[in-house]
Amino acid sequence: MKKYLLSAVALSAMIAFGGVAKADIIVGVGGPLTGPNAAFGAQLQKGAEQAAADINAAGGINGEKIKIELGDDVSDAKQGVSVANKFVADGVKFVVGHFNSGVSIPASEVYAENGILQITPASTNPKFTERGLWNTFRTCGRDDQQGEVAGKYIADNFKGAKVAVVHDKTPYGQGLADETKKNLNAAGVTEVLYEGITPGDKDYSALIAKMKQAGVDFVYYGGLHTEAGLIMRQMADQGVKAHFMSGDGIVSNELASIAGDAVDGTLMTFAPDPRKNPASADLVAKFRAAGYEPEGYTLYSYSALQVIAAAAKAAGSNDPMAVADALKAKGPFKTAIGDLGFNAKGDITRPDYVMYKWSKGSDGKYNYAEISK
């Protein structure tokens, strides 16, 4: 009898354990949850967590509930690989992230080797999807698309400007700056200054001195909001009156708190604001009711989990490779940022960049709004 009872208990434990294992599908969210780019990490985290809650409330992914696991890469490539290896060890099957292209690219190789599908809401360097990996997708656009929009806008609207092209030496920042430079040059505009800065620096006096010497009146910056805000503020403090443009790396309201009044008039490329999509009105209201403004990449992160769930349903399987095949073959899928289809590389099939301008609102706060061409 005692032996029988022990066997029954052991069998019950095995059934219970199997039930738990089957009930959860682990999705890793990787990004800079701490450090100077934590605002963007929060966007990825909030978006994915809300999507998981909503998908779970609707029955999960093919009946399996999503469990979110967070990984803080602090925008560092080596830490990103460490996060990727931890995700592998913990049984993660899908990853929403990372934020920085310089982190997503090396992490994606770990994921590819271990059967994990990765969808980044924010990494725009073309290399991410150009290596022929089976598992790399993004819900955002690419730097070659963004650079084309930026370069054409500068050439068309600032004829005769003395342009400085500045970047932060990262795969994202330099990649975006170089794509913009390529399109400027193709339009007959030759920059008077091309410089790289080091992320984390606080004093840009040397760079600004070079701008003055070259007579710069337009600055294009490839990089993130932390350094961009400091450069803007120090340019203004040192009397450099130049137009400033950057890309999606400055899509955070923290930019205004860093740059102060110097942010006024800053131009920026980003996708059409999904918060203004009528189909996303209820979702945006839900975020705001919870005290969070879903700016930047929040809805891109939400949408990344949406397409994973939709493709898994279309495939009739939660196997990452089957989901990857369905993402490329079964779309477009309805998401918070609109209908998304994917090509064979894992890139979205629609153009996705417009121009924004930062200005002061009636409430006295600076924010960004889309402008006409």
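**A chat about the model**

Analyst: Happy to! Let's start with Ser75, which counts as partly exposed because its relative accessibility is 23%; buried means under 20% relative accessible area, exposed over 50%, and partly exposed in between, using a 1.4 Å probe and protein chains only. Before going on, note that this is a predicted model, where local features need pLDDT of at least 70, side-chain atom pairs count only at pLDDT 80 or more, and totals for chains, interfaces and linings use all residues. Residues are numbered from 1 along each chain as its sequence is written, and side-chain values use heavy atoms, leaving out hydrogens and water.

User: Got it. Where is Ser75 found, then?

Analyst: Ser75 is in the loop between strand 2 and helix 3 (77-89). Helices (H or I, at least four residues) and strands (E, at least two) are DSSP runs, numbered from the N terminus. The phi of Ser75 is near 60°, a positive value in a residue other than glycine.

User: What's the phi of Lys169?

Analyst: Lys169 has a phi near 70°, again positive in a residue that is not glycine. Lys169 sits in the loop between strand 6 and helix 7 (171-186), and with a relative accessible area of 49% it is partly exposed. As background, most residues other than glycine have a negative phi, and most peptide bonds are trans.

User: And which peptide bonds are cis here?

Analyst: Among them are the bond from Gly97 to His98, with omega near 0°, and the bond from Gly331 to Pro332, also with omega near 0°. His98 lies in the loop between strand 3 and helix 4, while Pro332 is in the loop between helix 13 and strand 11 (354-360).

User: Switching to sheets: what order do the seven strands of the open sheet have?

Analyst: The order is 7-6-8-9-10-11-12, with mixed pairing; two strands pair if DSSP finds at least two bridges between them. Strand 7 (193-196) and strand 12 (366-370) are at the edges with a single partner strand each, so one side of each has no neighbour in the sheet. From one strand to the next, the twist averages 25°.

User: In which sense do strand 9 and strand 10 pair?

Analyst: Strand 9 (residues 243-246) and strand 10 (residues 267-270) are parallel, over two bridges, and Met245 stands opposite Leu267 in strand 10.

User: How many bridges join strand 1 to strand 2?

Analyst: Eight, and these two strands run parallel. Gly31 stands opposite Asp72 in strand 2. Strand 1 (residues 24-31) is mostly covered, with seven of its eight residues buried.

User: What else does Tyr297 form an aromatic pair with?

Analyst: Tyr297 also pairs edge-to-face with Tyr300, at 5.6 Å centre to centre and 75° between the planes. Ring pairs link a cluster whose members include Phe40, Phe270 and Trp358.

User: Last topic: at what angle do helix 12 and helix 13 cross?

Analyst: Their axes cross at roughly 100° and come within 8 Å, helix 13 being residues 320-329. Axes are lines fitted to C-alpha atoms, for helices over the stretch in contact, and angles run from 0 to 180 degrees between N-to-C directions. Helix 12 and helix 13 are therefore roughly perpendicular (angles under 35 degrees count as roughly parallel, over 145 as roughly antiparallel, 65 to 115 as roughly perpendicular and the rest as oblique).

User: Which residues meet there?

Analyst: Val307, Ile308, Ala311, Ala312 and Ala315 in helix 12 meet Ala322, Val323, Ala326 and Leu327 in helix 13, where contact means heavy atoms within 4.5 Å.

Technical notes:
Rings of Phe, Tyr and Trp (its six-membered ring) pair if their centres lie within 6.5 Å; planes under 30 degrees apart count as stacked, over 60 as edge-to-face and the rest as tilted.
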